[in-house]
Amino acid sequence: MENQFKETNMGEASLIESIRLRPAMYTGSTEGKGICTMIEHFILDLMSSAKMEEVDIELASDGTVHITSSAIDVDSLIKKLGLLKKAGNPGTQKNILDLAVILGLSRSAKIEVYNGGKIHTLLSQNNLFEISIEEGYLREDLIIDFIPDSEIFKTTDIDFEYLCSVFRKTACLNPQIRINFSDNLHNDFQQCIFHYPKGIFHRMDLLIMERSVNEPSFRLDIEKEHNGFQYKISIALPDYTATAYIQSFAGDTETYNHGSLVDGVKKGIIRFIRDYTDQEVCTDNSGLILIASVSGMQLTYGGSLKIRLEQPEIEKAAEEIVYKELTDYMESDREKVRKFAERFKDKVN
């Protein structure tokens, strides 16, 4: 490969230089958490754009992040590499942003994609890169090695436990993915596998085991598609009154201030109880355990930190879905309705 690392076009330079000038804008931090965010976003991008279903991620002893996969759409990856040459186009930048962040914030990077007897290779160093195509064979369809740039990040030490929590969440929200994660960077070798075919319902299983003495007095798992959005809602009441636990997600983002989805679920519960018992309802002191997620093309977040979902159509849909599912589940057992409603009774009235 001649003239390696010598030239980039203006589009490539402007995008990568912009990333290097304002790294925290793309990773949220220039501490170690920023590297974790960079890895997380890149894995999510591979899952969505290249339909990756399994990935191996290793923190190598020399500080390299090593990523491999053979359960992936290589054609879309090759197209993504080609789009780097058109990085000056704003529409193109969105499609390659997570890849460009890896290249811009790494001291060096190497990406190899194998397809039909040919190896497509991208080599990056000192923020310049070159792409080549040669005949050959790789054991994996995708091999990525990159070293986070110590001139950008205040520390390049990657916290294994924190990334485990990130990958656990990712696997719960995306049941099709299997993430194999190993740590050779630190003194004690560690390895974790994240694969949850039941998705957020697996998360509810764990919460029930943690918080209940016996089986919960009520459990309902809902999975519905409505107007282009996919809803997954798990509602449980432990065998005793306890502090409520609520966790919600919009896409792959946890909505810490909840918002439309959770508001809709609560309204569905309240409406059901009022229609069937005429009692005043309070969801705050019921011991409710709720895990809910919604995914779709257009998700709108509110607040300065963008951690609250604000979409009236999602709130309305969640209310209708929960109301109907509760009705279908309980309509033939009035005693079950009474016991369920009693947990949500407003003690003030």
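**Terms and the values behind them**

Author: In this predicted model, helix α8 passes helix α9 in a right-handed crossing. Local features are given where pLDDT is at least 70, and side-chain atom pairs where it is 80 or more, while totals for chains, interfaces and linings use all residues. Residues are numbered from 1 along each chain as its sequence is written, and side-chain values use heavy atoms, without hydrogens and water.

Reader: What makes the crossing of α8 and α9 right-handed?

Author: A crossing is right-handed if the near helix is turned clockwise from the far one by less than a right angle, and left-handed if anticlockwise. The passage of α8 across α9 is of the right-handed kind, whereas α8 passes α10 in a left-handed crossing.

Reader: Why are α8 and α9 called oblique to each other?

Author: α8 (residues 260-277) and α9 (residues 312-330) pack at about 40 degrees, with axes 7 Å apart. The axes are lines fitted to C-alpha atoms over the stretch in contact, and angles run from 0 to 180 degrees between N-to-C directions. Under 35 degrees counts as roughly parallel, 65 to 115 as roughly perpendicular, over 145 as roughly antiparallel, and the rest as oblique. The angle of about 40 degrees belongs to the rest, and α8 and α9 are therefore oblique.

Reader: Why is Ser 76 called buried?

Author: Buried means under 20% relative accessible area, exposed over 50%, and partly exposed in between, with a 1.4 Å probe and protein chains only. Ser 76 has 18%, so it is buried. Ser 76 lies in helix α4 (residues 74-83), and, apart from residues up to four places away in sequence, touches Ser 49 and Ala 50.

Reader: What makes the approach of the Ser 76 side chain to the backbone oxygen of Asp 73 a polar contact?

Author: A polar contact is a pair of N or O atoms within 3.5 Å; within protein, one must be able to donate a hydrogen and the other to accept it, and residues adjacent in sequence count only if both atoms are side-chain atoms. The Ser 76 side chain reaches the backbone oxygen of Asp 73 at 2.9 Å. A polar atom of that side chain also lies 3.2 Å from the backbone oxygen of Ser 49.

Reader: Why does Thr 155 count as partly exposed?

Author: The relative accessibility of Thr 155 is 28%, so it counts as partly exposed. Thr 155 lies in the loop between β6 (142-148) and α6 (160-173). Leaving aside neighbours within four places, Thr 155 contacts Thr 30, Glu 31, Gly 32 and Ile 35. A polar atom of its side chain lies 3.1 Å from the backbone nitrogen of Asp 157.

Reader: How many helices and strands does the chain have?

Author: The chain has 10 helices and 15 strands, counted as DSSP runs (H or I, at least four residues, for helices; E, at least two, for strands) and numbered from the N terminus. Of its 349 residues, 50% are buried.

Methods
Contact = heavy atoms within 4.5 Å.
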